[in-house]
Amino acid sequence: MPGELPLPVNTFPDVLQYISVNLSQDGSGTMTADQPIFHCERDTVVDAAFIRCGTADADATITLKHFTTGNVTDGTAFSSAAALSATAGTVIPVTITTTANVIPAGDAIGIDLANTSTAVGINVTLRIRTKRK
C-alpha cells in the first residue's frame, strides 16, 4: 500500500490528550536533572499535571517549565515546585499556574529538578489541549 503525505499542523483537528513520561536516571542511580519531555507543535494549554514515584525523595522537587532553546532551567515556570516526598505510588499533585500555562508553538516542556534526587520510577503525566476556550 502506498504512503501518504503528512498533514500540515494547521489542518488536523485540535488535540485533547494525556502525555505520560517516565523520567530517566543517570549512571549513578540519581534522576537525570532537567529533562525535556514534550515538544509543542501548536500553542498548547497544560490543564493538569501529576507525578508518581516508585521510591520517593524528601528533599527533591520538580517544576514544570517551557523553553525555546537552551536548557530547561532557563525556561519559564508554569507550575509550582512539587516535592517528591509522597509515599511511593501515591499521586503528587502539581499546581499549574493558570496565568502561564499556555505554551507557545515551537517550545518544549521540561522538568526542572531542584536538589539531586534518588527517587526511582518517576512518572510525569500531563493533560494538554490545543483548543483555547
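In which loop is the place of Val91? Val91 sits in the loop between strand S6 (82–83) and strand S7 (92–94). Strands here are DSSP runs of E with at least two residues, numbered from the N terminus.

## About the model

This is a predicted model: local features need pLDDT of at least 70, side-chain atom pairs count only at pLDDT 80 or more, and totals for chains, interfaces and linings use all residues. Residues are numbered from 1 along each chain as its sequence is written, and side-chain values use heavy atoms, without hydrogens and water.

Tyr18, Phe50 and Val91 make a nonpolar surface patch of about 290 Å². Patch residues have over 30% relative accessible area and no salt bridge; nonpolar side chains (Val, Leu, Ile, Met, Phe, Trp, Tyr) are joined within 5 Å, and like charges within 9 Å. Areas come from the Shrake-Rupley method with a 1.4 Å probe, and for residues only the protein chains shown count as cover.

Val91 counts as partly exposed because its relative accessibility is 39%. Buried means under 20% relative accessible area, exposed means over 50%, and partly exposed lies in between (1.4 Å probe, protein chains only).

## The largest nonpolar core

The largest nonpolar core has 27 residues. Such a core is a set of buried Ala, Val, Leu, Ile, Met, Phe, Trp, Tyr and Cys residues joined through side-chain atoms within 4.5 Å. Ile51, Leu64, Leu84, Ile122, Val124 and Leu126 touch the most other members. At least two core residues come from each of strand S1 (16–22), strand S3 (44–52), strand S4 (61–67), S7, strand S9 (108–114) and strand S10 (123–129).

## Three salt bridges

The whole structure holds three salt bridges. Each needs a side-chain nitrogen of Lys or Arg within 4 Å of a carboxyl oxygen of Asp or Glu.

Arg42 pairs with Asp14, with the closest N and O atoms 3.6 Å apart. This pair links distant parts of the chain, 28 residues apart: Arg42 is in the loop between strand S2 (35–39) and S3, and Asp14 is in the segment before S1. Arg42 is buried at 17%, whereas Asp14 is partly exposed at 44%.

Asp47 and Arg129 meet at 2.6 Å, N to O. Asp47 lies in S3 and Arg129 in S10, so this pair ties together parts 82 residues apart in sequence. Asp47 is partly exposed at 27%; Arg129 is buried at 16%.

Asp112 and Lys65 meet at 2.8 Å, N to O. Asp112 is in S9 and Lys65 in S4, 47 residues apart. Asp112 is buried at 14%, and Lys65 is buried at 12%.

Key:
Helix = DSSP H or I, 4+ residues; strand = E, 2+ residues; numbered from the N terminus.
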